[in-house]
Amino acid sequence: MRLSKASWQTYKEIPKEAEIPSHQLLLKAGMIHKSGSGIYQYLPFALRVIQKIENIIRQEMDAIYSQEITMSMVTPGDLWKESGRWDLMENLMVQFHDRGGKDLCLSPTNEESVTDIFRRLVKSYKQLPVSLYQINTKFRDEIRPRFGLMRGREFIMKDAYTFHADKESLDIGYDEMYKAYSNIFTRMGLEFAIVEADAGNMGTNESKTHEFQVIANTGEDDIVYTEGDYAANIEKAATTRVGLEFLNNEDMSEVETPNMRTIKDVCEFIGTKQYQSLKSLVYTAVWPDREEHFLVMLLGDDELNELKLKNYIGCNFLLMTKEETMRDLGLIKGFIGPTNCSENLKVIYDKEIDLNCSYIVGANKKDTHLKGFTPSENCNSEKVQVDLRTAKPGDLAPNGKAVKIKKGIEVGHIFQLGDKYTKAMKAQVLNKEGKKISPLMGCYGIGVTRTMAAAIEQSHDENGMIWPISIAPYQVYFAMIGKTDETKFLGLDIYKELVAAGIEVLFDDRGLGPGQMFKDADLLGLPIRLTLGERDYKVDGKFEIKLRKTGDTEKVSKDELVSVIKNKIKDLA
């Protein structure tokens with residue numbers, strides 16, 4: 001592409017709302033334009049990145065015999081009502097009526113649509129397994145769209161769905177997708193981690209599910225990992241603490257702690273370590289037909305992982321209990337503990353608590369704590385212990401190694417859905433015995449535009465983006481410096497020669513000065529910069545090649561230019 005023929009505009013000022021590098025640089029480099037809250041137009045250079053990401057995805061999906069389809073972005077409300085998600089998803093999706101009064105929505109996801117396709121096409125186990133995928137636009141009505149393409153309302157996504165006769169087949173299909181996803185992100189040149197994840201509303205606690213996380217300092221997710229063989233999303237990570245010395249069992253007694261509402265203050269006053277106290281948190285679990293109240297006990301310096309608690313209880317909504325409700329349960333805010341409280345309060349202990357040791361706890365009495373509280377002796381409620389804490393650096397993973405924590409951006413997620421949708425939507429096939437069964441499903445997603453943004457978050461500097469060669473808009477930025485006809489003819493000949501050799505070249509023939517050209521080149525972040533300098537070429541007859549990522553430079557003659565650039569591209573792949 002010749003820049004003199006291109007529609008491209010860079011910007012000095014970027015909106016204040018652009019908080020993270022990918023949002024800032026995509027706007028500054030003129031790759032995207034904002035058209036509304038969480039809605040962006042993809043301009044030529046961004047579209048080339050998107051197309052390259054999509055092509056890699058297609059190749060790997062095709063390699064495992066997954067067939068591409070396109071499902072409508074607008075879907076009938078009746079499908080969502082069949083699955084039971086019409087009301088559950090109403091805050092996330094745009095719902096509307098056609099002129100006939102029928103319910104419609106903009107699809108935030110496509111489990112219902114693909115299940116409807118499946119039940120129309122497949123009737124026998126002999127037609128299984130089935131694997132279908134699409135690359136399409138989605139719309140989710142985020143409450144607060146932010147971070148540009150990272151959490152927009154409209155986005156491009158690859159979603160795949162598989163259908164299987166049994167769990168063995170589902171596991172095989174899942175493993176194939178797992179490997180395909182690994183290949184996809186490896187080919188994109190991204191540093192990523194595959195982590196155990198929580199199935200959330202998509203599956204059950206027994207379902208296999210993994211996230212593919214691009215490593216980046218600006219990531220929203222915490223990845224708990226050990227070197228080599230363990231990685232989990234912090235919401236899923238099950239770790240244990242080491243080196244704790246709990247207090248020996250002793251008689252329980254009251255300690256006056258006036259105006260001491262924090263664990264740190266109380267422990268410093270009494271002279272104990274924070275983990276030798278217990279943190280008390282009160283939650284209300286809400287179902288359509290009832291509410292239940294839970295007192296959650298953690299070591300004093302641990303933090304609750306709310307998702308673990310929600311999964312254990314199995315509730316729809318989990319809320320911090322209101323102060324007036326706590327009073328009805330016999331609890332005093334700031335001095336809450338597991339003694340002298342209502343029978344309607346269910347007590348849950350984190351598994352790191354030794355129930356036979358003594359701790360400092362609230363006394364449910366103003367300005368008072370208890371010393372010597374031993375759960376096995378001083379609490380009359382059932383002794384339930386569950387993994388509820390949030391993992392921390394230095395904990396031990398299940399493999400016995402100390403964990404570390406790094407930031408990641410979720411760009412892919414694979415689930416085993418089971419028969420949740422096929423059963424709800426009566427998608428049945430005949431098995432070998434001629435009986436109707438509900439096939440098991442897998443669901444596999446990649447955020448295409450999110451991956452583009454994540455690549456920038458992972459690799460950029462103060463001057464601009466640094467694209468991996470496999471998804472860069474072009475492989476080479478060719479800057480021609482000089483205004484004589486001789487230089488212009490030479491530059492055009494070189495451009496045509498590179499293009500004929502199959503090299504993707506962005507030819508900057510705008511006639512600007514070197515400062516502006518190099519600034520634009522760094523901002524756009526193409527892997528290789530080739531420079532034809534009129535004065536230098538007259539002296540030594542050579543071109544300069546510079547690598548964007550490392551800054552390494554090399555002088556090359558005209559005759560060897562194509563072969564050297566091809567080798568550079570090969571080395572960068």
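Hi everyone, thanks for having me. Two notes before we start. Because this is a predicted model, local features need pLDDT of at least 70 and side-chain atom pairs count only at pLDDT 80 or more, while totals for chains, interfaces and linings use all residues. Residues are numbered from 1 along each chain as its sequence is written, and side-chain values use heavy atoms, with hydrogens and water left out.

Let's begin with the overall layout. The protein is divided into domain 1 (44-73 + 107-238 + 405-457), domain 2 (247-386) and domain 3 (474-572); such bounds come from an automatic or database domain assignment. Taken over C-alpha atoms, the centres of domain 1 and domain 2 are separated by 39 Å. Their contact, meaning heavy atoms within 4.5 Å, takes 7 residues from domain 1 and 4 residues from domain 2.

How much area do domain 1 and domain 2 bury between them? About 450 Å², with 38% of it on carbon and sulfur atoms. Buried area here is the accessible area (1.4 Å probe) that two parts lose on being put together, summed over both.

Now for a sheet. A quick reminder: strands of a sheet pair through backbone hydrogen bonds, either parallel or antiparallel. In this talk, two strands pair if DSSP finds at least two bridges between them. Helices (H or I, at least four residues) and strands (E, at least two) are DSSP runs, numbered from the N terminus.

Please find the open sheet of 5 strands, which has the order β16-β14-β15-β17-β20 and mixed pairing. β16 and β20 (384-386) are at its edges with a single partner strand each, so one side of each has no neighbour in the sheet. From one strand to the next, the twist averages 35°. Angles run from 0 to 180 degrees between N-to-C directions, and axes are lines fitted to C-alpha atoms, for helices over the stretch in contact.

Look at the partners of β14 next. With strand β15 (residues 291-299), β14 runs antiparallel, joined by 9 bridges. A hairpin of 4 residues connects β14 to β15, and V286 has E291 of β15 as its bridge partner. β14 also runs antiparallel to strand β16 (residues 317-320), joined by 4 bridges, with T284 opposite L319 in β16.

On we go to β15 and strand β17 (residues 345-350), which pair in the parallel sense over 5 bridges. There, V296 is opposite I348 in β17. Helix α7 (residues 306-313) lies across β14, β15, β16, β17 and β20, and runs at about 125° to β16.

There is another open sheet, with 3 strands in the order β4-β6-β5 and antiparallel pairing. Its edge strands, each pairing on one side only, are β4 (74-76) and β5 (95-97). β4 pairs with strand β6 (residues 103-106) over 3 bridges, and V74 faces L106 in β6.

A disulfide is a covalent bond between the sulfur atoms of two cysteines. Counting a pair of cysteine sulfur atoms within 2.5 Å as a disulfide, the structure holds 0 of them.

Last stop: two helices. Helix α1 (residues 21-28) is mostly covered, with 6 of its 8 residues buried, among them L25, L26 and L27. These buried residues of α1 pack against several elements, including β1 (32-36), β2 (39-42) and α11 (448-458). Just after α1, G30 takes a positive phi of about 65°.

In helix α5 (residues 167-187) we find D175. Is D175 buried or partly exposed? D175 is partly exposed, with a relative accessible area of 36%.

That's my tour, thank you!

Methods:
Buried < 20%, exposed > 50% of the residue type's maximum accessible area, 1.4 Å probe, protein only.
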